[in-house]
Amino acid sequence: MNKTRCVGTVAVAAATVIAVSGPAGAEPSAMTYGTSTSVGVHNAYEKDKYPYFADALDSGAALLELDVWSNGFGSSWRVSHSNPIANNNNCENAQAPSELRTKKRDQDLGGCLADMKAWHDAHPGHGPVLVKVEMKDGFNAKGGRGPAEFDALVRQKLGDAVYGPGDLAAGHATPDEAVQAGGWPARSDLAGKFLFELIPGTVEEGNPVDNLWTDVEYAGHLKDLAGKGELARSAAFPAVHGAAAGDPRERYSDPSLRPYFVVFDGDAATYLNGSINTAWYDDRHYLLVMTDAHNVPPVIDGTRPTEAEALARVKQLAAAHASFVTADWYPLPSVLKTVLPRGA
């Protein structure tokens, strides 16, 4: 299928304003995490994109996605796109920087987290990385893979390299109250940090007997922790999944869960179709992840557009208040390192 090509002065303009932050590079000093737009890679654990997860981290991408399965057909958190019972990924469970790219791949979530820690130890000043976790079939608390176990695993593997809801909400009752009061930290203050985003998975969302999706289950977990003064134990930010007009949190029948959502995630083309006021997110300092950026009209290639096309698209979505722009643009590392002012 022919793809529409869009190369012009807007692409040149995009290229002139980018700020680049590689794995060990300095962060743009004037931007906060909430006032910047950066770029991510969909399903970065796949071997046809990166031979090792360390390569994905080295790319400079600000968001990397993992697909995780938690069902009872295995004893661990499996990382795979379509195999619910086995691991199929580029993670190797490195225990030190010297082991990166040396061990057997196809490890579980703990192995992917170990790779992040080993890479982090080699690049302690790296830019903040948002790890987007799609819980393909949701949590499995009865099987020992619920929200508390997820937190414990992430914290065990990454320690103080994690920036979680408790860090954001310090001094405030909820994450929403925190971002309304002061927004997100400066990007430079998040150097060396991993943040985790959780979204419901495709299998979970399509399961007619699953009435407790990842977003609600984890938000309830955060509420419970906050009630006990233990929000610092949490490791992830649940996202409201799916582009929608108004305040999408109104879908949650329990209004007490809504203040635990400060991340929103959905289809870029839907956000830009004229029915959604994306400035609403920016005004309230919420993070907005726009996926499948290539499908915004005019459509460009989802994997190998020209660099000018991809940069122009990133600039377009930055102007539309995206915090993160994602696609399968792994062949374009210069684009993945791009950081722009949000809303400009």
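**Close-up views of a predicted model**

**View 1. Helix α11 and the residue that follows.** Helix α11 (residues 307–319) has 13 residues and spans 18 Å from its first C-alpha to its last, close to the 18 Å expected at 1.5 Å a residue, the expected span being 1.5 Å times one less than the number of residues. Helices are DSSP runs (H or I, at least four residues) numbered from the N terminus. Within α11, the buried residues are E309, A310, L311, A312, R313, V314, L317 and A318, where buried means under 20% relative accessible area (1.4 Å probe, protein chains only). Just after α11, H321 adopts a positive phi of about 80 degrees.

This is a predicted model, in which local features need pLDDT of at least 70 and side-chain atom pairs count only at pLDDT 80 or more, whereas totals for chains, interfaces and linings use all residues. Residues are numbered from 1 along each chain as its sequence is written, and side-chain values use heavy atoms, with hydrogens and water left out.

View 2. E217, located in helix α8 (residues 214–227), is buried yet has no salt bridge, and the nearest side chain of opposite charge, K142, is 10 Å away. A salt bridge requires a side-chain nitrogen of Lys or Arg within 4 Å of a carboxyl oxygen of Asp or Glu. Not counting residues up to four places away in sequence, E217 touches F139, A141, P147 and L212, contact meaning heavy atoms within 4.5 Å.

**View 3. Contacts of F194.** Among the residues that F194 touches, not counting those up to four places away in sequence, are L57, M116, W119, H120 and Y163.

Terms used. Helices (H or I, at least four residues) and strands (E, at least two) are DSSP runs, numbered from the N terminus. Buried means under 20% relative accessible area, exposed over 50%, partly exposed in between (1.4 Å probe, protein chains only). Lys and Arg count as positive and Asp and Glu as negative; His and the chain ends are not counted.
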